[in-house]
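Here are my notes on this model, point by point. Please read them with the structure open.

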Amino acid sequence: MTVAIALAGWLLALLAGWRVLALGRRLELVACAEHELRGPLAALTLAVGRSRPLEPGVVDGQLDRARIALADLTNARRGRRASAIVRRHDMGRLAARAAAGWSAAGGEVRVDWRAGDAAVDADAGRIAQALGNLLSNALEHGGGRAFLRGRRYRGGVRIEIASRGGVSAPGRRSRRRDRGRGLAIATRAIEDAGGHLRLVSGPDGTTAAVDLPLADV
């Protein structure tokens, strides 16, 4: 009887622990989805506030990001992220959208695209998440300036997002947490497309290198 009671106690403890972990995962998924809703809404608000005509691509890129964030928020109740809607996209076009979105919001993003037509199979919303977060961090660290470069390598395309002047000193704890969450979101979004993200920091700044496989290569 004593052994049975002990085993029952252990099982209840394990069940309670599993439920706590599951709840924690759902809460983190909700927090990530909310983070991704704030990003495009903030960018569009800043862009509209500048009273300048918006290019169609600017709105489209931010709506792609908001769309996947809303889908993630719905799926967070079940403890998972939304399934990717994979289609073929020109990576140069998606990169230009992301850069234009933050330029319209008041940042200075210089683009040097030398990858030509670079077709990738991915969810446009996930790519918008990745590039949006990386550009946001670069602009913050680079005093409102960032550099986006694109080039090909064998079988893939590399997008580099760089900021000059080193990484800025961290601010409030909540801001540090948001930056860490944004980087995690970017990493997962890139991995969803079969790529990977690498960060390189040095005295001249930080570069985020995104490698994505080209379609049908």
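1. Start with a loop residue. Ala84 sits in the loop that runs between helix H2 (56-76) and strand E1 (87-90). Keep in mind that this is a predicted model.

2. Is Ala84 buried, partly exposed or exposed? Its relative accessibility is 38%. Buried would need under 20%, and exposed over 50%. Ala84 therefore counts as partly exposed.

3. Ala84 can also be placed relative to Ile68. The two are 16 residues apart in sequence. Their C-alpha atoms are 8.4 Å apart in space.

4. Now the sheet. Five strands form an open sheet in the order E2-E4-E5-E7-E6, and the pairing is mixed. Which strands stand at the edges? They are E2 (108-113) and E6 (196-202). Each has a single partner strand, so one side of each has no neighbour in the sheet. On average, neighbouring strands are turned by 15° against each other, with direction ignored.

5. Strand E4 (residues 145-153) runs antiparallel to strand E5 (residues 156-164), and seven bridges join them. Arg151 stands opposite Arg158 of E5.

6. Two helices pack on the sheet. Helix H3 (residues 91-104) touches E2, E4, E5 and strand E7 (205-213). The direction of H3 makes about 165° with that of E2. H4 touches E2, E4, E5, E6 and E7. The direction of H4 makes about 25° with that of E5.

7. Take H4 by itself. Helix H4 covers residues 124-141, which is 18 residues. From first C-alpha to last, H4 reaches 26 Å, close to the 26 Å expected at 1.5 Å a residue. Why call H4 largely enclosed by the rest of the structure? Because 16 of its 18 residues are buried.

8. Check both ends of H4. At its start, a side-chain oxygen of Asp123 comes to within 2.7 Å of the backbone nitrogen of Gly125. Just after H4, Gly143 has a positive phi of about 65°.

9. Finally, Glu160, a residue of strand E5. Which residues does Glu160 contact, leaving aside neighbours within four places in sequence? They are Phe147, Leu148, Arg149, Thr207, Ala208 and Ala209. Glu160 and Leu134 are 26 residues apart along the chain, and 9.6 Å separates their C-alpha atoms.

Note on methods
Residues numbered from 1 in each chain as written. Predicted model: local features only at pLDDT ≥ 70, side-chain atom pairs only at ≥ 80, totals over all residues. Heavy atoms only, no water. Helix = DSSP H or I, 4+ residues; strand = E, 2+ residues; numbered from the N terminus. Expected span 1.5 Å × (residues − 1). Buried < 20%, exposed > 50% of the residue type's maximum accessible area, 1.4 Å probe, protein only. Polar contact = N/O pair within 3.5 Å; in protein donor to acceptor, adjacent residues only side chain to side chain. Pairing = 2+ DSSP bridges. Axes fitted to C-alpha atoms, helices over the stretch in contact; angles between N-to-C directions. Contact = heavy atoms within 4.5 Å.
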